[in-house]
Amino acid sequence: MVNRLDQLLQLHKMLVQELLEVQSSAQSYLQGSCKLIDKLKEQWPGMSESKGLIAYDSLVTNITNIMNMARKFNLQLKLNQPVKQKCTIINEAFEKLALDEEEKSNDKVDNKVSELEDSDDFIYPKHNVRTMYKVNDVIKASITYVKETENLTFYIIDLDCSHAEKVKEISQSLQLYQYHGVPPEREVFGLVIDNRILRAVRSSKSSYDPELDEEFWPCYLLDFGETVQLQSKDMMYKLCEEQRHTPAQAIQCRLEKTADSDQELQNKLKDLEYKTVNLEVTSVYDDHIKVDLIKENNTAFHFNTNSQETEPLFQSKEFNPNELNQEEIDMLYDEPLCTSNAMRAVMGYDPQDDKRICRFYNPDTGGCFKGVNCKQEHIPKHPDGWTKDIVPSDSIVYDNVPELIYNKGDVITITPTSVNDLEFFYAQINGSNRFNTPLIWTDDDVPSWKRLQKPPFTFEIVLAKYVDGFWYRAKIVTHDDDYKVFKVFYVDYGNEQLVHLRNIVRCDRAMAKIPFQAVLCRIAGVKNADTTPELKKTGIAKLSKLILNQTMQVNVLGHDEHLVINFVEERFSNIPSMLIEMGYMIPFRFYSK
């Protein structure tokens, strides 16, 4: 680690030197070009037409080249700013160091105490409103949900609250466990609504719709105050402990009646939904506060996708990589439209073999008549005329091998993520060696400039969009004849899917080098029985239902091309024998104990 830090410091030192040299060269060019333009202004009226044309052609080419390079360089600087998303580990380290001091300062300002509150059969962590606000306090908030217009009741999120920023960061810091059923009734989980992951908790009561043949559960959105209907087919994720215990940000308010009529107040409250407002506290109660509207603000709430006239609540930096126009994207992937070089025009590349390899090379002597004075390479050229040039590619193709080999007799904890066969399944290995940062990205994390302008190579590591709307690391397996649809293997989960080219983006080299989280496991003592494809498919479905996304302990019997395991826990240990009894599998002595 010390050596890596030294390398990083040395690399940054080189960067500083290069940027200072760029700055000096840019200033020198600006000074020279300004002086030249001033002289041309003076001499242009008396200059002949031929000299003026020569000067014009020369300067136009020079200025255009420098301008295009400067625009591309500025764009690269903006795209590669050290923002939080690209420095997650560093930011987390600094946040942990400053956490205690930040919490102390926030407590002095907010004086907020979190407690469990039971409301309408929903149990969730909630702020203590009485210690949170006092009469005459001014709150800058966004109205998230108007509950009852007749009673002027609505919910807000306090923008000055120390936890408000976590509302938008939940989708970036999710645990990668997806519920394949309904979460427990008192557990805070992530519910996907309109491609956003929102914190929610469900009720213990449910209703059944016989027409739809579907069961529904009332579900409360902790940070919005709204109650929605939850179905088992909805996409739900398990949150980390910190996200589950963060108090609900939705605070119930009631608007104080003024000289305006009730109808005017109700209409005004409807218009303010998803807007940022300034409120003055007039009364504080156990479960809500009374407020008076003191100033309107037309800033739209972050999750309101319909508003186009207002700016987002959580404003990021002014430069947005997701809003690059086509001209800027083309500039990042610019290629010459024409060339006078025949090889580049036909092949797209100009081979350097004739310049690099000595044409007087003698294979018998391993050199040429020039001896040590010859500075060219002494190797034979390809017999068929192919180039031997080695050019680093921007594409990332890795044959990832496991960093840790487990020994026979080791007991490890795994979580199966994909079952594609009765003998084999893919699983993530839990423990200290597991990569802690979630390898999942939203559309906001994938800027438009990363979209592929050319089809990827086979076995290239990319980011591919899954059916749940999120992006995951994947390896290209095959493609169709038109190079439009690709079969990808999700390296952190083990499943495969057909993905269109528009849903594939480049994967950063640092992210691609992270060890694949999906490990191929084989159940010891059994192998596939000679059955029909339909029966095998039924067996895979049963095995998936028994082990998929279940955390379990297994005993390692071997680790070569795959991990050979036996189930240790009693609830899973009878799975092989059960599959044998059902006729899906047969005993296989080679891997039995």
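Predicted model: local features only at pLDDT ≥ 70, side-chain atom pairs only at ≥ 80, totals over all residues.
Let me begin with a definition: a residue counts as buried when its relative accessible area is under 20%, as exposed when that area is over 50%, and as partly exposed in between. By that criterion C521, at 1% relative accessibility, is buried. C253 also counts as buried, at 0% relative accessibility. As to the cysteines in general, a search of the whole structure finds zero disulfides.

First, the overall picture. The protein has 593 residues, and 36% of them count as buried. Its secondary structure comprises 14 helices and 25 strands. Among contacts with a separation of 6 or more, 63% are between residues 24 or more positions apart. The accessible surface amounts to about 36,800 Å², and carbon and sulfur atoms contribute 51% of that area.

In what order do its five strands lie? The order is 19-18-17-16-20, in an open sheet with antiparallel pairing. Strand 19, residues 496–500, and strand 20, residues 504–506, are the edge strands; each has a single partner, so one side of each lacks a neighbour in the sheet. On average, neighbouring strands here are turned by 50 degrees against each other, direction ignored.

Strand 16, residues 461–465, is antiparallel to strand 20, and three bridges connect them. Within that pairing, V462 has R506 of strand 20 as its bridge partner. With strand 17, residues 471–479, strand 16 again pairs in the antiparallel sense, here over five bridges. A464 stands opposite Y472 of strand 17. The hairpin of strands 16 and 17 has five residues between the strands, and G469 there takes a positive phi near 90 degrees.

Strand 17 also runs antiparallel to strand 18, residues 485–490, joined to that strand by five bridges. A474 has Y490 of strand 18 as its bridge partner. This second hairpin, of strands 17 and 18, likewise places five residues between its strands, and here Y483 adopts a positive phi near 55 degrees.

Y274 has a phi near 70 degrees, a positive value in a residue other than glycine. Where does Y274 lie? Y274 is in the loop between helix 7, residues 262–271, and strand 12, residues 275–284. With a relative accessible area of 27%, Y274 is partly exposed. N549 is the other case: its phi is near 60 degrees, again positive in a residue other than glycine. At 24% relative accessibility, N549 is partly exposed.

Next, strand 6, residues 196–202. How many of the seven residues of strand 6 are buried? Six are, and the strand is described accordingly as mostly covered. Strand 5, residues 189–193, pairs with strand 6 in the antiparallel sense over five bridges. In that pairing L191 has L198 of strand 6 as its bridge partner. Strand 6 also pairs with strand 8, residues 214–221, antiparallel and over three bridges. V201 stands opposite Y220 of strand 8.

A related point concerns Y237, which lies in strand 10, residues 236–238. Y237 is buried, with a relative accessible area of 3%. The C-alpha atoms of Y237 and R199 are 9.5 Å apart, although the two residues are separated by 38 positions along the chain.

Finally, the annotation. In an unreviewed entry, UniProt places a "domain: C3H1-type" feature at residues 352–381. UniProt also lists "zinc finger region: C3H1-type" for residues 352–381, likewise from an unreviewed entry. In the model, what is the secondary structure over residues 352–381? The stretch is 13% helix and 0% strand, with its end C-alpha atoms 11 Å apart.

Key
Residues numbered from 1 in each chain as written. Heavy atoms only, no water. Helix = DSSP H or I, 4+ residues; strand = E, 2+ residues; numbered from the N terminus. Buried < 20%, exposed > 50% of the residue type's maximum accessible area, 1.4 Å probe, protein only. Contact = heavy atoms within 4.5 Å. Areas by Shrake-Rupley, 256 points an atom, 1.4 Å probe, with all protein chains shown as cover. Pairing = 2+ DSSP bridges. Axes fitted to C-alpha atoms, helices over the stretch in contact; angles between N-to-C directions. Disulfide = S-S within 2.5 Å. UniProt positions renumbered as here; feature names shortened; annotations may be inferred.
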